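Colleague: I would like to go through this model with you by question and answer, beginning with a pair of helices and then moving on to the chains and some individual residues.

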Amino acid sequence: MALTDKEIQSLEERANDIRKSIIEMLLDAGSGHTAGPLGMADVFTALYFHILKQDPKNPSWPKRDRLILSNGHICPVLYAAMAHAGFFPISELMTLRKFGSRLQGHPHREFLPMLETSSGPLGSGLSQAVGMALVDRMERGRKIDRYFYCLMSDGELEEGQSWEAAMLGGKEKLRNLIAILDRNNIQIDGFTDNVMPLEPLREKWEAFNWHVQEINGHDFTEIVGAVETAKAIFDKPSMIIAHTIPGKGVKEFERDFHWHGKPPNKEQAEMALAELRLLGEKIRSEHE
Amino acid sequence: MSSLNPKVFDEDVEQIAIRTGFGEGFLLAGKENPNVVGLCADLTDSTKMSLFKELFPERFIEVGVAEQNLASVASGMAAMGKIPFISSYAMFSPGRNWEQIRTTICYNNVNVKIAGSHAGVSVGPDGGTHQALEDIAVTRVLPRMTVISPCDAIEAKKATVAAAKLVGPTYIRLAREKTPVITTEETPFEIGKARIFYQGKKQAEVGIIATGALVHKALLAAKRLEADGISVKVLNLSTIKPLDKETVVSLARETHAIVTVEEHQIAAGMGSAVAECLARNYPIRMAFIGVDDKFGQSGKPEELIDYYGMGTDSIVDVVRKLRQGK
């Protein structure tokens, strides 16, 4: 079902709030990753405010959809989306990366049990999502009413394990498995095309027997529509390649791989927050 | 002692591979609990998971030659309430997939059981690439991991059934070759409990702590030493982690000299675990039998055990020297 204009506006405003939280968290933490979290803010907003069947008041609800974050370093966007969705207080976001915090520098399920897994070392999230989806199928056969979403990065496809998981997912025809790949073209050492060319990406996943879609990862209609299409595919796992702009929302950070792994300083954060406030006004005026 | 196989010292003692005991135990665990599932990386017959697979094909996943995926898929299944057992050769799991075991299993604290077969030089002709001599080291260093190294097929069966009931990451070390049956169905087994398998008539002068199939060599050495008037005790340390500190320290207090015996690198293996315990609780003289900073090679299992100094003659020699130096 297509999103209404009102729904789109609401999601865009949420995403903008989440981006502001990401900047505030990173400034306060003094370390962490900026580009990936900003780039994936729209996808996480769509998931937490429209797609996922979850209950923030009962995070261990057994029938919930599962979100498995494979590239753990973009966790500021996960934490911010969860907090804004009501899983824990927004004020707790300011504990990111600090001693005793539930919000570890890379996600740790022991500290925050409502996470589906701990992650950081790249390339192992899809394997875990495959394992979870396999259990669901073992128990329910083809009567699928919950989904397993694996959020991954393009850079982590350089890890061989990603393809081991891709092979098993294809072999087992896991239609309850939906992977969303953040195709932002950057990694720590530079542009992915220079570090290790990944294209042709669509054909690679198709060759592993996945159903593949490519979308604009900042367009809510496309994000929601692609997930709906993935759910309609009967005998294959789905890969949604979300083309995103790293650092999206703050012009100075956008498309610059130097922002992969560093936080903004005070001045940069103030500039970013001012820009995002303007963006918020723009969203409101565009939808009026 | 009385509950050991009465033929344990006989030439024609029955021989069964430790991995076969795992296969039987895994089948039993599968029958006892429908949540037990199996995953293998293209070595289903070799690791004896085939017994389970035949009876429970719908609870068995073949992941292909992909040990990293093997570990993390199992992590995902455990997060959904299953009790996955994963098997391969120890060299590949927990060898190749160590980081996946660390992060997706131990750090995540999920209930995955890792069965590593073909540990030790007794793998034989396949050569050093396939002879895991580091697996105890890399598993015992991981927080939350339980490490079990059964001495024979019957103990492996019991350990596997017990591991399925234990909540938490567990490594079970298995061997390829047929080795003497030391225990019986009646021999008590408990994870975390070491047991004396040999006690001389006199007060013991040296304590031998052994693990895995080499427990049999330690028993033969003890008998020979006894005949020469040297009384020793042999402790079967089948659980390397958590270490049965009470029993280890008690043996040290009694003998003031400990020899450890394992088919593993001396560095960071079972002997090191014992040394860490005794250094903190009751420092005494120790000697270590194992592979001394070398890789394995092709050969017959027995000749390799002897070449690397882990046979009965070597154990007798080391015990004598340690006793003289006391």
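Colleague: At what angle do helix α1 and helix α6 of chain B pack?
Modeller: In this predicted model, helix α1 of chain B covers residues 18–32 and helix α6 of chain B covers residues 153–165. Their crossing is right-handed. The axes of the two helices lie 7 Å apart, and the angle at which they pack is about 35°.

Colleague: How do the residues of the contact of α1(B) with α6(B) divide by class?
Modeller: On the α1(B) side the contact includes B:Ile18, B:Phe22, B:Phe26 and B:Leu28, while among the residues that α6(B) brings are B:Ile154, B:Lys157, B:Val161 and B:Ala164. Taken together, the residues of this contact divide into eleven nonpolar, four polar and four charged.

Colleague: Which helix of chain A gives the most to the side that touches chain B?
Modeller: The interface brings 22 residues of chain A into contact with 23 residues of chain B. On the chain A side, α5 (125–140) and α6 (160–171) each supply at least two residues, and by class that side has ten nonpolar, seven polar and five charged residues. The helix that gives the most, with ten residues, is α5(A).

Colleague: What percentage of the residues in chain B is buried?
Modeller: Among the contacts in chain B between residues at least 6 apart in sequence, 80% join residues at least 24 apart. As for burial, the buried share of the 326 residues in chain B is 60%.

Colleague: Which residues touch the most other members of the largest nonpolar core?
Modeller: That core holds 188 residues. For one of the residues in question, B:Ile208, the contacts beyond four places in sequence include B:Ala218, B:Val234, B:Leu235 and B:Val261. The residues that touch the most other members are A:Ile240, B:Ile208 and B:Ala218.

Colleague: Is A:Pro107 buried or exposed?
Modeller: A:Pro107 is placed in the loop between α4 (75–84) and α5 of chain A, and its C-alpha atom is 6.5 Å from that of A:Cys75, although the two residues are 32 apart in sequence. Leaving aside neighbours within four places, the contacts of A:Pro107 include A:Leu69, A:Leu78 and A:Leu115. Because A:Pro107 has 22 C-beta neighbours inside 10 Å, it counts as buried.

Colleague: And is B:Ala227 buried or exposed?
Modeller: B:Ala227 lies in helix α7 (residues 214–227) of chain B, and its C-alpha atom is separated by 47 Å from that of B:Cys40, 187 residues away along the chain. Since B:Ala227 has 8 C-beta neighbours inside 10 Å, it counts as exposed.

Colleague: What is omega for the cis peptide bond that joins B:Lys241 and B:Pro242?
Modeller: Chain B also has a cis peptide bond from B:Ser93 to B:Pro94, with omega near 20°, where B:Pro94 lies in the loop between β4 (83–89) and α4 (98–107). B:Pro242 is found in the loop between β12 (239–241) and α8 (245–255) of chain B. For the bond between B:Lys241 and B:Pro242, omega is about 0°.

Colleague: What is phi of B:Ala268, a residue other than glycine?
Modeller: B:Ala268 sits in the loop between β13 and α9 (270–281) of chain B, and it is partly exposed because 16 other C-beta atoms lie within 10 Å. A positive phi, of about 60°, also occurs at B:His256, which is not a glycine. For B:Ala268, phi is positive and near 70°.

Notes: Residues numbered from 1 in each chain as written. Chains lettered and ligands numbered in written order. Predicted model: local features only at pLDDT ≥ 70, side-chain atom pairs only at ≥ 80, totals over all residues. Axes fitted to C-alpha atoms, helices over the stretch in contact; angles between N-to-C directions. Helix = DSSP H or I, 4+ residues; strand = E, 2+ residues; numbered from the N terminus. Left-handed = near helix turned anticlockwise from the far one by under 90°. Contact = placed C-beta atoms within 7 Å. Nonpolar A, V, L, I, M, F, W, Y, C, P; charged D, E, K, R; others polar. Core = buried A, V, L, I, M, F, W, Y, C linked by C-beta atoms within 7 Å. Buried ≥ 20, exposed ≤ 12 C-beta atoms within 10 Å, placed from the backbone.
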